[in-house]
Amino acid sequence: MHENAEQQRLDEANQDEAAWRKWGPYLSERQWGTVREDYSPHGAAWDYLCHDHARSRAYRWGEDGIAGISDDQQRLCLSLALWNGRDPILKERMFGLTNGEANHGEDVKELYYYLDATPTHSYLKMLYKYPQREFPYAQLVEENRRRGKDRPEFELLDTGVFDDGRYFDVFVEYAKAGPEDILVLITVHNRGPQEAAIYVLPQLWSRNTWSWDGKPAKPWLALKDGAVVASHPSLGEYRLYADGDPTWMFCDNETNTRRLFGLDAGRGFFKDAFHERVVSGDVKAVNPAQTGTKAGAWYRASVPAGGSTRFRLRLSAAAPRAPFHDFDATFERRRQEADEFYAALQADVADADARLVQRQALAGMIWNEQFYYFDVPQWLEGDPGQPPPPRERRYGRNREWLHLNNADVISMPDKWEYPWYAAWDLAFHMIPFAMIDARFAKSQLVLLTREWYMHPNGQLPAYEWAFGDVNPPVHAWATWRVFQIDRKQQRLRGRPGYVGDLAFLERVFHKLMLNFTWWVNRKDAQGRNVFQGGFLGLDNIGVFDRSAPLPTGGFINQADGTSWMAMYCLNLMRIALELALHNRVYEDIATKFFEHFLHIAEAMNNVGTHDLCTGPTSSRADGGVGLWCEHDQFYYDVLNLPDGRAVPLKVRSMVGLIPLFAVETLEPEVLDRLPEFKRRLEWFLNYRPDLAALVSHWDVPGKGQRRLLSLLRGHRMKALLRRMLDESEFLSDYGIRALSRAHRDRPYEFDVGGHTMSVRYQPAESDSGAFGGNSNWRGPIWFPVNYLLVESLQKFHHYYGDEFKIECPTGSGRLVTIRQVADEISRRLTRIFLRDGDGRRPVFGAPSGTDETAARRYEHLSRDPNFCNLVPFHEYFDGDTGRGVGASHQCGWTGLVAKLLAPRERKPKPGPKQRMTPNKKEERALA
């Protein structure tokens, strides 16, 4: 069976035959302003190391750059610097506004796009758009700072620097001739009406590892025989070749203490030397001996109007005699192989525009891989060769995570706005990643459960701003889905008897049992199987900050926290059942999670006659309260006050739809092969028929004799779906809103000591500074929860079949199956990125009202041939228009669109015929 070349490289990497993953796009786009680099007393990360200082200060924990690559431990880095002859600084890294400068939180103010990538990084391509006019740094800061939260963000396109096409399109491509032999092609197009000059400076440097621990081993770079030789104590020796006749410059990746701290004694050739030499004309800034730890090839070019020029480099661990002899042929071959890889992946995607969107989404996933280094105890204690950190830090951020020591390539949400991993984001990332590189997806899920990530108490680290924050427990779901996707892919590749990577499944499962125990012990305040958890990734969705002490006192029983835990039980149960098919020990564990699920369902649904919404306050005789309101036909959070009262917080939000996620179907073949599990379930459900009748449908055969486990019986599911599919509430043209649109005219209000707090529908940016102000769950569309809704509806249909129908949209008179509802939501989500009937993409932001600036931007992005097919993947989307909002390169969980664009069914490749034994019949059923 023929495999394409990229798939062969993946196989070689997975079998440790060739280190194709050793080099990749692992360089961050922002190291400044991160928690890792913050040594201030009170955690002012944005202020401690700002953009203006970044060019002059050596980083402690990582590096950044434009279109950069590095080895997998970031010992040696390569990236691009540019100058247009007008800017006040050399363009070495992406510029953006800090949280305090922008009216809607931190935001990168650059135009760049990830266009292509293969999983082994054998081919990479991205585009950076560089103005020919002076870059408007000050204008972007001043105008955004001036605007209030009721105004849209002021973007780079709005400044006019791209008018008349006066900019360069700078394409950066990488092609690997071998695992440690990398070709670099930089192509500069002048889109303007006149000839324009540009200075192009590819840079090679070593991450500063020698200034902190006093160890004598130090890398060096030097010019020898026309190439830069880079020698590193642990990485070995590489050579950088540059075609043509650039001016070579050298300096050291060390802090300019003269500029930053006014130390006259500071002598040397510092990190900012290339800026000083190129922009300021200081010839003494660079090392005349042509040696150091940072090197640059300085090209000068004048590009004609409408023309282009290109620059070729090669970074190699070998010493090719003619480094550019096979350069063009190798590049063409790698491009073709990338096309073949995606042609195989997209064989059943008929629409060309859908293929373009899917390929760019997956390219963004790959480009957002980043080396992440953070040793928390070392960070808190300080380095031997540096001044000790302020004492206050020992009582501040992350002080309880002294075990955490990370130094790995990790999938990031966005390498500028979120250049640090986030636990629940990463779980969603792995679904599209599994489509192209299941080995990487599995390794990432394992990684976060390792001892140097997971807390000894079982908690998974959230993110560096506060590792102790609580994210939704979706790791088990992602593990099971990646296992399924991987198994299906292997069978499609001609291995029909493949049972799946059971070692991976078992390895993660054992660690997640620790995490599940942490949840039960830490987030169930009353021990009644109703959970809290804090903001749980939904930031400002509630009337209160759910992670902070409540102004009323007491605590909140959360519909989402409890539903996530019910889902967690079912995910772990399903994994245990799979493992039990091969090891009967896991039958008991599967039973445990089944029973725990039923107890959570009992507590959440308030078994008995009590109605949550019978009055302004509610309580149960047993001291607990359910979360379902029969009157409103919806789930709500419940505020438990110190005096014993329980008050429903009647905000119709995604919190009340998350109970749909807790659903699982069981095949009869599975139960027949696990007799102990089946016997225990039958005993338990006979012993507690009240629970069986409420949530399990255990005694009601479904389509194909399947059995359903869910928090929702048919009538409650229909009630929730009626609200969810109501276009005046949750259903948008572009997916499911995070907050009901009904709250636009009827905000939810809650009085606290004479102060009224409210929740109002806001379809796009937030009008408050809660959670930094750069995130909003009060109306926009978010891909992770929408994706889970789609999958959950598919599971419900798997049980109910085509006979169960629901009106969609509500009030339309159109009855459809649950599967068709899932397909409709998926179609609306993908519509955000695809061209509409007029050739426009909603993600670009159709203007509303009289915003002429937004209208011009929308028209420019939609009609300009150099923009219209460059697709951004934002953090979230306007609930009314589909406009992209928040982080503009969050190919992480928004990359789920790649999975939505893939067909659900694919025919397997022919393999050797085998008799269908009962075991293989079960394997197929589990696929």
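Student: By class, how many nonpolar, polar and charged residues has the lining of the second largest pocket?

Tutor: The lining has 18 nonpolar, eleven polar and 16 charged residues. Here Ala, Val, Leu, Ile, Met, Phe, Trp, Tyr, Cys and Pro count as nonpolar, Asp, Glu, Lys and Arg as charged, and the others, Gly among them, as polar. A caution on the source: this is a predicted model, where local features need pLDDT of at least 70 and side-chain atom pairs count only at pLDDT 80 or more, while totals for chains, interfaces and linings use all residues. Residues are numbered from 1 along each chain as its sequence is written, and side-chain values use heavy atoms, with hydrogens and water left out.

Student: How much space lies in the second largest pocket?

Tutor: Rolling a probe the size of a water molecule over the atoms shows where empty space is left. On a 1 Å grid over the protein atoms alone, a pocket is an open set of points where a 1.4 Å probe fits, with protein on both sides within 12 Å along at least five of seven lines; lining residues have an atom within 4 Å of a point. Volume is the space filled by probe spheres set on the points, which are joined across faces, edges and corners. For the second largest pocket this is about 1,000 Å³. Of its 45 lining residues, Pro152, Glu765, Arg857, Arg883 and Gly884 are the closest to the centre.

Student: Which elements give two or more residues to that lining?

Tutor: Strand 5 (107-108), strand 6 (111-117), helix 22 (852-863) and strand 34 (884-885). Helices (H or I, at least four residues) and strands (E, at least two) are DSSP runs, numbered from the N terminus.

Student: Which residues of helix 4 are buried?

Tutor: An α-helix has 3.6 residues a turn, so residues three or four places apart point the same way. In helix 4 (residues 137-146), the buried ones are Tyr137, Leu140, Val141, Glu143 and Asn144. Buried means under 20% relative accessible area, exposed over 50%, partly exposed in between (1.4 Å probe, protein chains only). These buried residues pack against helix 3 (51-54) and strand 4 (96-97).

Student: How many salt bridges does the count come to?

Tutor: Side chains of opposite charge can pair when their charged atoms come close. The rule is a side-chain nitrogen of Lys or Arg within 4 Å of a carboxyl oxygen of Asp or Glu. The count comes to 71. One of them joins arginine 133 and aspartate 164, at 3.6 Å, N to O. Arginine 133 lies in the loop between strand 7 (123-131) and helix 4, and aspartate 164 in the loop between helix 4 and strand 8 (167-178), so the pair ties together parts 31 residues apart in sequence. Arginine 133 is partly exposed at 28%; aspartate 164 is exposed at 57%.

Student: Where do lysine 218 and glutamate 254 lie?

Tutor: Their closest N and O atoms are 3.3 Å apart, in a salt bridge. Lysine 218 is in the loop between strand 10 (196-206) and strand 11 (220-224), and glutamate 254 in the loop between strand 14 (247-251) and helix 5 (257-261). Lysine 218 has a relative accessible area of 36%, and glutamate 254 one of 23%.

Student: Is lysine 271 buried or exposed?

Tutor: Buried, with a relative accessible area of 3%. Lysine 271 lies in the loop between helix 5 and helix 6 (273-278). Beyond its neighbours within four places in sequence, its contacts (heavy atoms within 4.5 Å) include Arg93, Asp252, Glu254 and Lys294.
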